[in-house]
Amino acid sequence: MDMQLKMTTFTLLLLLASSVRAQISGVFDITKYGAAPNGDITQALTNAWHDACASITRSKIVIPGGTYNLKQIELKGPCMAPIEVQVDATIQAPQDPSQLNGNAQWIKFTYINFFTLSGGGTFDGQGAIAWNQNNCGKNKDCKKLSMNFGFGFLNNTIIRDITSKDSKNFHVNVLGCKNITFTNFNIIAPATSLNTDGIHIGRSTQVNITNANIATGDDCISLGDGSRKIGILNVTCGPGHGISVGSLGKYPNEEPVEGLVVRNCTLNNTANGLRIKTWPSSPVTITVTDMHFEDIKMINVMNPIIIDQEYCPWNQCTKQSPSKIKISKVTFKNIIGTSATKEGVALICSSGVPCEDIVLSDIDLTFNGSSAAAKLVNVKPITEGKSLPLLNLAQPGIFDLTKYGAVANGDITPVRSYGLTKAWTEACASKTQSKIVIPEGTYNLKQIELKGPCLAPIEVQVHGTIKAPEDPDQLDREAQWVKFTYLNFLTLSGGGIFDGQGAIAWSQNDCGTNQNCKKLSMNFGFGFLNNTIIQDITSKDSKNFHVNVLGCNNITFTNFNIIAPHNSLNTDGIHLAKSTLVNIFNSKIATGDDCVSVGDGSKQITISGVTCGPGHGISLGSLGKYANEEPVQGFTVKNCTLANTDNGLRIKTWPSAPGTITLSDMHFEDIMMINVMNPIIIDQEYCPWDQCSKESPSKIKISKVTYKNIIGTSATLEGVILLCSSAVPCEDVTLDNIDLKFHGASAVAKYVNVKPIIVGKTLPLTTLPTPKLT
């Protein structure tokens with residue numbers, strides 16, 4: 001017992017001596033607090049900070065070489081003396097975003113005077129998983145993701161020789177600081193890391209960023225409200241969204257921004273250059289003044305110089321009233337290099353408070369080898385030395401996408417200040433009829449929603465080929481690739497092709513056999529449109545359905561063609577649901593599933609002059625699988641040809657299902673069948689891949705159905721199969737002049753739970769068992 005007591009006492013004395021030596025020297029090595037490479041240092045760093053912060057003389061915490069794990073931590077002052085954290089290691093955050101509080105930063109330094117972070121170390125946010133969850137740009141109720149660094153309410157601070165890597169959200173948030181300098185501070189993240197601003201500054205004074213390299217997925221540096229006396233010198237930015245003041249004006253109680261100098265910087269392949277952005281219809285009336293940009297080199301930068309006072313990403317606002325943010329005393333001097341957009345300078349100022357004292361001095365920007373142009377709205381800049389010619393805008397009402405930076409083989413998606421999204425925003429806001437023109441050529445397009453309501457009729461005229469990403473994971477699988485919603489008087493035209501590049505996706509499509517399958521994106525979504533025309537357009541190789549029409553009224557497809565091979569699984573051509581007055585005329589549809597499928601709530605549908613094949617024919621349904629479905633009423637198919645399809649004219653409902661709706665007024669007339677399986681079929685036992693039981697019959701009532709002048713060849717012996725429900729037998733079903741051949745002889749008919757009305761030529765009845773249907 002005495003020996004154990006002596007050993008314990010000796011150990012305590014050693015620890016005490018170690019602590020005393022650390023305090024005497026001022027160096028607090030976290031390995032002395034139990035930290036080890038590849039281990040978690042959260043507690044060791046917390047303890048070291050506690051001791052160092054309490055030191056009455058200058059102190060330094062050292063994290064030596066190696067790789068360490070760190071949970072969320074706040075290192076908080078005030079401290080008794082200046083303090084430094086020297087990081088010579090790589091420190092890694094948890095990969096799983098849920099292990100961090102998204103409303104805070106991963107590593108937070110707060111309420112400290114004379115603080116230094118140094119050492120050449122790397123803080124790795126391991127953000128790849130989180131980026132796929134980041135939809136905060138489009139969803140105001142999104143789940144927040146943690147930032148790498150928070151520097152809050154610091155005075156007299158230096159951050160030097162540090163790297164921030166792959167943050168889950170912003171890399172750095174500077175709030176309420178005074179006299180803070182970042183030097184040789186590097187940021188590394190791919191362009192695909194959404195919403196990962198490099199350094200964001202808010203309500204801080206005397207912030208300097210010098211000799212830094214910033215590569216990220218959003219603004220390299222962004223200034224929020226209340227930023228004053230900011231200096232940015234010798235910074236290389238790219239990829240990223242450039243250097244931005246704002247966005248400003250979205251929230252009440254924002255503070256003015258004053259005194260920014262950006263000098264001797266290079267922007268390389270960024271989505272914007274030097275940008276000031278404010279929201280329209282803003283609740284505040286602050287000022288932005290004394291902004292100076294000088295000696296800047298642009299390398300293939302979109303919108304190198306831009307003031308955007310109509311900033312409204314993803315239609316999160318209205319433009320009913322102009323921005324109230326007053327911008328003045330802004331100088332752009334000696335800005336040279338290459339622009340990736342025709343507009344090298346775009347000054348879109350507020351009509352309510354136009355920009356004042358804007359100077360453009362020696363602006364030398366080229367686009368595709370020639371001088372870029374300048375677009376000026378609500379501003380009369382002072383020009384000195386070399387300047388850009390004013391942009392010759394297209395005739396009123398025409399929005400040519402090349403004027404928004406579109407080039408062949410380039411991406412036409414990008415938002416805010418250029419691309420299809422920007423063209424849409426301006427055209428949709430036009431008070432007179434407008435047309436967006438996408439000229440000949442091949443373009444790439446990410447997922448996009450072109451949303452109304454618009455102020456006047458709008459047309460999108462596509463002459464080129466637009467390609468989706470081949471990789472299905474680059475699209476939100478629950479949505480469509482190109483989506484038009486909430487519009488009145490939309491026209492989509494031009495003879496262009498939308499190529500979904502679905503070949504990779506088809507091999508992943510097991511939704512027919514797996515109810516928990518991974519969804520795949522469709523080519524088109526037309527949602528809640530009124531008075532719409534889709535004409536002279538081709539949908540090619542969609543990953544899933546080609547077209548989904550939902551909640552529309554009076555929409556017409558004419559000369560609308562669909563091209564996909566027979567083996568493109570689950571690629572219905574045009575699917576209709578809860579829509580009224582839908583017309584499909586003079587179209588060719590070749591695909592791997594139903595050429596046209598009609599879901600619940602469809603009324604007054606007309607299909608005429610359509611050629612279908614390969615595919616699964618023209619189908620009503622499947623119906624009855626879900627509760628709360630709506631009736632289907634008024635469906636006419638006329639003057640169509642089906643060639644080598646797996647089914648012909650089909651009505652399909654589920655047995656043992658909750659739906660109890662009705663299908664009535666269905667009319668099929670003057671149809672040519674060429675080697676079609678099951679040319680005429682009502683299947684009220686539809687249960688593909690045994691996804692249901694047949695313990696009880698379908699509850700869907702089918703009535704008033706006419707088949708007239710259906711001729712040609714059947715690929716199955718049964719040319720007509722009417723397999724109706726035993727609970728609610730079909731009524732008023734008419735077969736009028738049915739002439740179908742199978743191997744040169746008449747096909748046969750099979751009737752179950754129905755007594756059809758026969759007019760003119762008909763098929764002989766068969767006593768054979770009902771064939772297995774797919």
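User: Where does histidine 241 lie?

Analyst: Histidine 241 lies in the loop between β19 (228-237) and β20 (243-248); helices (H or I, at least four residues) and strands (E, at least two) are DSSP runs, numbered from the N terminus. The model is predicted, so local features need pLDDT of at least 70 and side-chain atom pairs 80 or more, while totals for chains, interfaces and linings use all residues. Residues are numbered from 1 along each chain as its sequence is written, and side-chain values use heavy atoms, without hydrogens and water.

User: What makes aspartate 124 and lysine 165 a salt bridge?

Analyst: Their side chains meet at 3.8 Å, N to O. The rule asks for a side-chain nitrogen of Lys or Arg within 4 Å of a carboxyl oxygen of Asp or Glu, so the pair qualifies.

User: Why is aspartate 124 called buried?

Analyst: Aspartate 124 has 8% relative accessibility. Buried means under 20% relative accessible area, exposed over 50%, and partly exposed in between (1.4 Å probe, protein chains only). The value for aspartate 124 falls under the buried limit, so the word applies.

User: And lysine 165: what is it called, and why?

Analyst: Lysine 165 has a relative accessible area of 28%, so it counts as partly exposed.

User: How do you know that glutamate 426 and lysine 375 form a salt bridge?

Analyst: Their closest N and O atoms are 3.5 Å apart, which is within the limit, so the pair counts. Glutamate 426 is in helix α4 (residues 419-428) and lysine 375 in strand β29 (residues 373-377), 51 residues apart. Glutamate 426, at 16%, is buried, and lysine 375, at 11%, is buried too.

User: How many salt bridges does the rule give?

Analyst: The count is 21. Arg203, Asp225, Arg228 and Glu255 are linked in a network of them.

User: Why is histidine 616 called buried?

Analyst: Its relative accessible area is 19%, so it falls under the limit. Histidine 616 is in the loop between β49 (611-612) and β50 (618-623). Beyond neighbours within four places in sequence, its contacts (heavy atoms within 4.5 Å) include Asp594 and Arg650.
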